[in-house]
Amino acid sequence: MRRFRRDPLGYIEDRARCSPAEVFRLPWGAWCVRDSELALAVLRDPLFHTGMSTFFGTMLPSRSAQILLGRAVRNVMRAHLPAYRERLPEGAAGLGPASQWPEAGPALVYRCAAGALLHPDAPPALQRLLAKAVAGGFTARQPYMRQRVRAEMLRPGLLAAITEHVRDRRAEGSAADEPRDVLDAVIGACAEGSTDRTVTDLYVLLFQSIVGNIGYALAWSLLLACLHHPPGPPWPWTAEGLVREAGRHRPFVWMVGRPVPHALEFGGLSFAPGTILSVSPYLLHHDARHWDRPELFRPERWNEPGEQGPYLPFSTGPFTCAGAAVAHSMITGAVDVLAQGAHLTVSGGDARPLVSGSALPRPFVLRRTLKTPVRPAPTKGGERHDRCNPTHHQEQAR
Ligand code: HEM
């Protein structure tokens, strides 16, 4: 465990390399599939996916209810994509010339997607609490104990406030045909018998998956791009290729695992029900048999002819991420807006992740300066148009 903590990704790469079997033991007792083909077969195996997805735990009564909720939330986020894109320039300007990452990632995503996550008619106090929770690192398990304690201290108050709002919303009923926000989607997917607290827990799970996963994946994209192309944008890659490659090189969800539902055999080994069997997207993304020089961050690989190797930042198979396409668009949109007409540099970060449940980037500072600042121009009447306003400038550049 000590070796794992020191260098988690290096550790599992070593274990995979040295393992004589197709499956090897992880320090916390779970098993991990070493071989890429077998890993894909496991993730696509209908028998391994009998029953419900562990993503939602036991909060919903059936697999069909899980699928319904995943789609409903995905649809809400997709419908809000234009509004999110519209808010991005203002969000980017709000970062200022130097911002602290990775925490700025979830904060930016929250700021630009706030209306989709919680309708603007919701109590302002609850909206403030959510913003505070995002700023306090609530959207991912934090790697440092002090940060973790700080984030956890926010939980009771936040859950109580959401539950109160859930109770009010359910009592009012919804006049709208379509869910107005993620919370409406959760309420709609939950049976009447489910408790307000269950609705809250599901909402928090999805809130974290959206704001945290997208925010930290955005942080990885910016960090890796700036580390590998110090002159900054324009990068010699498309935002599309850059985001894809960041998801390959440093997948935020680096390991997916679930209990074996009933006795099964994989790679010549028998697994008893309840054994945790895992697949590592990180290992598959770095399999030299399928990827050309996988250790290199090379966004240009996505424009090269020929097939790419196994790519599963959002997992694959029956329990694959419901929001993959929306998430990808949201990250790409943010990268585009942050890089457009701006000079970006990073200091303090490197490509080694901090693994704590997920793979988070280490703290870094992103410096963002607009390339051609425009001076306020005097107008006829002597008044000045504030053409230095960065939002205004970016909008012009677009
Ligand atoms: C960069 C952003 C994201 C990443 C890396 C990501 C990754 C993943 C992964 C790896 C899984 C599978 C988990 C498992 O099998 O244990 C998953 C499941 C899921 N994700 Fe995402 N996700 C992201 C964003 C989103 C967004 C934006 C939404 C909603 C709009 C979402 C909704 C879901 C749902 C509902 C599931 C459960 C699917 C099921 O079991 O049926 N995710 N995600």
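The chain contains 14 helices and 13 strands, where helices (H or I, at least four residues) and strands (E, at least two) are DSSP runs numbered from the N terminus. The model is predicted, so that local features need pLDDT of at least 70 and side-chain atom pairs count only at pLDDT 80 or more, whereas totals for chains, interfaces and linings use all residues. Residues are numbered from 1 along each chain as its sequence is written.

Along its principal axes, the C-alpha trace of the chain spans about 85 × 55 × 40 Å.

Around the ligand lie 26 residues, of which S53, G70, N213, C321 and G323 come nearest; a residue is near a molecule if its C-beta atom, placed from the backbone, lies within 6 Å of it. At least two residues of this shell are supplied by each of α4 (63-79), α10 (196-228) and α13 (324-339), and α4 gives the most, with 6 residues.

Helix α10 also meets helix α8 (residues 145-172), the two axes coming within 9 Å and crossing at roughly 115°, where axes are lines fitted to C-alpha atoms over the stretch in contact and angles run from 0 to 180 degrees between N-to-C directions.
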